[in-house]
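Please have a look at the sequence and the model before reading on.

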Amino acid sequence: MTPSERRIGIPDGVVVVGCGFIGSHVTRAFVARGVRTTVLTRRPPGAATRERLSGARLVIGDAADPDAVRAAVGDAEQVVWCAGGLLPAESNERKVEDLVTSLPPLLAMLELLVDRGGGSLTLISSGGTVY
């Protein structure tokens with residue numbers, strides 16, 4: 001990474017949480033820019049997604065598990081949260097389930113960032129409505 005790229009805010013290392021449509025494309029963009037990129041995902045991705053993740057380190061684990069989060073984050077400066085949940089209609093119908101599945105992983109990540117003394121987090125959420 002060049003000094004000018006550092007000045008404009010491109011991180012030295014990034015962790016993308018989630019590798020669905022948005023997460024895999026965000027990953028591909030970081031890798032294309034030469035950013036050291038790690039992806040944390042619950043299950044192994046399919047072939048098309050694996051292709052988009054080419055060049056990134058893949059960590060299979062639950063984002064609610066502090067050990068998995070620690071293994072993925074390492075010394076990365078930036079976390080990009082693309083983890084999906086229920087679709088909008090489902091989340092409206094099953095509010096408690098939505099909270100129970102979405103909140104613990106985010107809290108685990110925030111706790112790690114606080115415990116290690118910082119880092120930044122960008123939350124990307126489509127709510128299933130952009131594609």
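## The largest pocket

Helix α6 supplies the largest share of the lining of the largest pocket, 9 residues. Keep in mind that this is a predicted model, where local features need pLDDT of at least 70 and side-chain atom pairs count only at pLDDT 80 or more, while totals for chains, interfaces and linings use all residues. Residues are numbered from 1 along each chain as its sequence is written, and side-chain values use heavy atoms, with hydrogens and water left out.

The volume of this largest pocket is about 1000 Å³. Its lining counts 42 residues, and those closest to the centre are Arg42, Cys82, Ala83, Gly84 and Gly85. A pocket here is an open set of points on a 1 Å grid over the protein atoms alone, where a 1.4 Å probe fits and protein lies on both sides within 12 Å along at least five of seven lines; lining residues have an atom within 4 Å of a point. Grid points are joined across faces, edges and corners, and the volume is the space filled by probe spheres set on the points.

At least two lining residues come from each of α2 (21-32), β2, α5 (88-93) and α6 (95-115). Sorted by class, the lining holds 21 nonpolar, 16 polar and 5 charged residues. In this scheme Ala, Val, Leu, Ile, Met, Phe, Trp, Tyr, Cys and Pro are nonpolar, Asp, Glu, Lys and Arg are charged, and the others, Gly among them, are polar.

## Fold and confidence

The chain has 6 helices and 5 strands, in the order α-β-α-β-α-β-α-β-α-α-β from the N terminus. These are DSSP runs numbered from the N terminus: helices are H or I with at least four residues, strands are E with at least two. Of the 131 residues, 36% are buried; buried means under 20% relative accessible area, exposed over 50%, and partly exposed in between (1.4 Å probe, protein chains only). Among contacts with a separation of 6 or more, 59% join residues 24 or more positions apart, a contact being heavy atoms within 4.5 Å.

How far can you trust the coordinates? The average pLDDT (the predictor's confidence in each residue, from 0 to 100) is 87, and 89% of the residues score at least 70. Where pLDDT is low, the predicted coordinates should not be read in detail.

## Salt bridges

How many salt bridges does a search of the whole structure find? The search gives 3, where a salt bridge is a side-chain nitrogen of Lys or Arg within 4 Å of a carboxyl oxygen of Asp or Glu.

| Pair | N to O distance |
|---|---|
| Arg36 and Asp75 | 3.0 Å |
| Arg70 and Asp67 | 2.8 Å |
| Arg94 and Glu97 | 2.6 Å |

Arg36 is partly exposed because its relative accessibility is 40%, whereas Asp75, at 55%, is exposed.

Arg70 and Asp67 share helix α4, 3 residues apart, about one turn of the helix. Arg70 is partly exposed at 45%, and Asp67 is exposed at 52%. In the remaining pair, Arg94 is partly exposed at 33%, as is Glu97 at 36%.

## A buried serine

Ser91 is found in helix α5 and counts as buried because its relative accessibility is 14%. Beyond its neighbours within four places in sequence, Ser91 is in contact with Leu86 and Asp98.
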